[in-house]
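Reader: I would like a close look at a single part of this model, and an account of how that part sits against the rest. Please keep it plain.

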Amino acid sequence: SRTMNGTIFSIYKSGMSNEIAQDGVGVLDIKKQKLTRKLYIRNCEQKMAGNISSIYLTLISLYNLNKQSFYYCDEIVNTFLEKMERTISENVVNHEDELKKIVLGSAVSARILLHILIDKFQRCSNRTVASEILTEKKVETLLRQIVKQKFEQRIFSGDINDQFILFLSGEQKNHMEISYTKQQQKQRQKQQNKTQDNDAMGIFDKKNQLL
């Protein structure tokens, strides 16, 4: 922040090596410390995968890339009405087939999707998910599972795909995707911050202060 250029922080160490801790002793530019980079990388690696919509929109982006289109015209506009008219299952399967054909039919977009999934799964705390080797067939199956989950048509498969989808869904614990209003997001973030502050109070002991 431009308003904090002259601000001096007190930094406390927790869970870091003495080498990195000693590197931060004294008044230094915070951007140049090893600690700053370490915390930044750790923060990135601990980011949640998001919800199922984020990976679904990745599929749509790759679809648009191959179609050389900026927009995507949704074929399934209202999931509720589709369910009422009993057309949702067929339309979801058709949607899966179209995404498979366009996204996985191109070597470039198929490779991009593979790299995205590998990078996401490698950061998963579930070692089964993190160590799973993705093949073309597994990616195709996962693509279909993602689309089904997005439109609430997926049933538990009893295999690794359940764990894939759970991880890609972030906090989603069932077939229905959790959706928060802006106000709910703010309240939830405030509660998370309060909990984190309470958990971190023990860190701020004088013995851990570096400067």
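Author: The cover over the buried residues of helix α9 includes α3 (52–67), α6 (107–122), α7 (127–131) and α8 (136–150). The model is a predicted one, and what follows describes that model.

Helix α9 spans residues 160–168, and seven of its nine residues are buried, so the helix is largely enclosed by the rest of the structure. The buried residues are Ile 160, Asn 161, Asp 162, Phe 164, Ile 165, Phe 167 and Leu 168. Buried here means under 20% relative accessible area. Across the chain of 211 residues, buried residues make up 30%.

The two ends of the helix can be described separately. At the start of α9, a side-chain oxygen of Asp 159 comes to within 3.0 Å of the backbone nitrogen of Asn 161. After α9 comes Gly 170, which has a positive phi, near 65°.

Leaving aside residues up to four places away in sequence, Ile 146 touches Ile 165 and Leu 168, together with Ile 52, Ile 55, Tyr 56 and Leu 59. Ile 165 and Leu 168 are both among the buried residues of α9.

Ile 146 also belongs to the largest nonpolar core, which has 32 residues. The members that touch the most other members are Leu 99, Leu 113, Leu 117, Phe 121, Leu 142, Ile 146 and Val 147. Helices α3, α5 (88–103), α6, α8 and α9 each contribute at least two residues to this core. The largest share, seven residues, is from α3. In soluble globular proteins, nonpolar side chains tend to be buried together.

Helix α6, part of the cover over α9, also holds Lys 120. Lys 120 has a relative accessible area of 22%, so it counts as partly exposed; the limit for buried is under 20%.

As for the setting, the chain has ten helices and zero strands. Among contacts between residues at least 6 apart in sequence, 63% join residues at least 24 apart. The accessible surface of the chain is about 14,800 Å², and 53% of that surface belongs to carbon and sulfur atoms.

Note on methods. Residues are numbered from 1 along each chain as its sequence is written. This is a predicted model: local features need pLDDT of at least 70, side-chain atom pairs count only at pLDDT 80 or more; totals for chains, interfaces and linings use all residues. Side-chain values use heavy atoms; hydrogens and water are left out. Buried means under 20% relative accessible area, exposed over 50%, partly exposed in between (1.4 Å probe, protein chains only). Helices (H or I, at least four residues) and strands (E, at least two) are DSSP runs, numbered from the N terminus. Contact means heavy atoms within 4.5 Å. A polar contact is a pair of N or O atoms within 3.5 Å; within protein, one must be able to donate a hydrogen and the other to accept it, and residues adjacent in sequence count only if both atoms are side-chain atoms. A nonpolar core is a set of buried Ala, Val, Leu, Ile, Met, Phe, Trp, Tyr and Cys residues joined through side-chain atoms within 4.5 Å. Accessible areas come from the Shrake-Rupley method with a 1.4 Å probe; for residues, only the protein chains shown count as cover.
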